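Reader: I would like to learn how to read the contacts and pairings in a model of this kind. Could you take me through them step by step?

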Amino acid sequence: LKLIDTRDTTLSVLDSLFLPGTFILQRNMLGNDGVFERKEGPFKSHWPQLMLDYRCHAPGGFIGKRYPKQMRTCMEKFSSMSVDELMKMYKFPIRQNAKMLKESATDMLTVGFE
């Protein structure tokens, strides 16, 4: 199974089903009623994407810094580039998105996924 994580970036924020701390991952874990209405659980509006939660597939439910070689290489490239280089190479229309990509790649390499 291969999945491309695409997300509307009109809100000028980095959002991903796979990155901890992002809105869509939180909504996936809690459901709309947990995020928007701030109800206490149990929640019944979980998204179907919940079955794609990486913790179900990673050994021990934890990734840490154990990235596949190609992913590590990609993150090292993003981390080493300037924000201006990222904007130019990947045609980011908003500087903040390129900045967030660089920061996320750097954090994932130094701190780990979780």
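Author: Leaving aside neighbours within four places in sequence, Lys102 is in contact with Phe78, Ser79, Ser80, Met81, Val83 and Leu86, where contact means heavy atoms within 4.5 Å. This is a predicted model, in which local features need pLDDT of at least 70 and side-chain atom pairs count only at pLDDT 80 or more, while totals for chains, interfaces and linings use all residues. Residues are numbered from 1 along each chain as its sequence is written, and side-chain values use heavy atoms, with hydrogens and water left out.

Reader: How should I read helix 5 itself, and which of its residues are buried?

Author: The expected span of a helix is 1.5 Å times one less than its number of residues. Helix 5 (residues 95–110) has 16 residues and reaches 23 Å from its first C-alpha to its last, close to the 22 Å expected. Its buried residues are Asn97, Ala98, Leu101, Ser104, Ala105, Met108 and Leu109. They cover an arc of only 125° around the axis, so they lie on the same side of helix 5; the arc is that of the directions from the helix axis to the C-beta atoms. Helix 3 and helix 4 are among what covers these buried residues.

Reader: What does Ser79 touch, and with which side chain does the side chain of Ser79 make a polar contact?

Author: A polar contact is a pair of N or O atoms within 3.5 Å; within protein, one must be able to donate a hydrogen and the other to accept it, and residues adjacent in sequence count only if both atoms are side-chain atoms. Ser79 lies in helix 3, and its side chain makes such a contact with the side chain of Thr106 (2.7 Å). Not counting residues up to four places away in sequence, Ser79 touches Lys102, Ala105, Thr106 and Leu109. Ser79 counts as buried because its relative accessibility is 19%.

Reader: How many salt bridges does a search of the whole structure find?

Author: Side chains of opposite charge can pair when their charged atoms come close. A salt bridge is a side-chain nitrogen of Lys or Arg within 4 Å of a carboxyl oxygen of Asp or Glu, and the search finds two. The side chains of Asp84 and Arg95 meet in one of them (2.6 Å, N to O), a pair that links distant parts of the chain, with Asp84 in helix 4 and Arg95 in helix 5, 11 residues apart. The side chains of Glu103 and Lys99 also meet in a salt bridge (3.6 Å, N to O); because Glu103 and Lys99 are four residues apart in helix 5, about one helical turn separates them.

Definitions and conventions
Helix = DSSP H or I, 4+ residues; strand = E, 2+ residues; numbered from the N terminus. Buried < 20%, exposed > 50% of the residue type's maximum accessible area, 1.4 Å probe, protein only.
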